[in-house]
Amino acid sequence: MNKYQLTSDQISSKVAGETVILNHSKGAYYGLNEVGMLVWDNLEKGPQTIDSLCDAVISEYEIDAETCKNDIDFLLKDLISEKLVEVTN
């Protein structure tokens, strides 16, 4: 099963209750919503599977597993396309 990890092209910080991410290769800033912050916080701990990320979200929010997995998959694809997250094995 694939794992996802943060790339070395980014740095992040919490500002006024939000996670702000800088892709220093592109010079672009990104912000995450509350659920995105939870996913990001877990990725900061080390490589994660989509199932482990979904478990973390389900423990905090009322959402069914299938919807959670689909939403996290969508978020991870966005983060990968911006080179903020990469797939590792």
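Mentor: A crossing is called left-handed if the near helix is turned anticlockwise from the far one by less than a right angle, and right-handed if clockwise. Helices (H or I, at least four residues) and strands (E, at least two) are DSSP runs, numbered from the N terminus. The model is predicted, so local features need pLDDT of at least 70 and side-chain atom pairs count only at pLDDT 80 or more, while totals for chains, interfaces and linings use all residues. Residues are numbered from 1 along each chain as its sequence is written, and side-chain values use heavy atoms, with hydrogens and water left out.

With that in hand, the crossing of helix 2 and helix 3 is right-handed, and the contact is made by I50, D51, L53, C54, V57 and I58 of helix 2 together with A65, C68, K69, I72, D73 and L76 of helix 3, where contact means heavy atoms within 4.5 Å. These residues divide into nine nonpolar, no polar and three charged; Ala, Val, Leu, Ile, Met, Phe, Trp, Tyr, Cys and Pro count as nonpolar, Asp, Glu, Lys and Arg as charged, and the others, Gly among them, as polar. The axes of helix 2 (residues 50-60) and helix 3 (residues 65-81) come within 9 Å and cross at roughly 120 degrees, the axes being lines fitted to C-alpha atoms, for helices over the stretch in contact, with angles running from 0 to 180 degrees between N-to-C directions. Helix 2 and helix 3 are therefore oblique to each other, since angles under 35 degrees count as roughly parallel, over 145 as roughly antiparallel, 65 to 115 as roughly perpendicular and the rest as oblique.

Helix 1 (residues 34-44) packs against helix 2 at an angle of about 135 degrees, their axes 10 Å apart, and this pair is therefore oblique too, in a right-handed crossing. V35, L38, V39, N42 and L43 of helix 1 touch L53, A56, V57 and E60 of helix 2.

Helix 1 and helix 3 have axes that come within 11 Å and cross at roughly 65 degrees, and are therefore roughly perpendicular to each other. Here G36, V39, W40 and L43 in helix 1 meet I72, L75, L76 and L79 in helix 3, a contact with seven nonpolar, one polar and no charged residues.

The largest pocket has a volume of about 210 Å³. On a 1 Å grid over the protein atoms alone, a pocket is an open set of points where a 1.4 Å probe fits, with protein on both sides within 12 Å along at least five of seven lines, and lining residues have an atom within 4 Å of a point; grid points are joined across faces, edges and corners, and a volume is the space filled by probe spheres set on the points. Among the lining residues are V35, G36, V39, V57, C68, I72 and L75, and the largest share of the lining, four residues, comes from helix 3.
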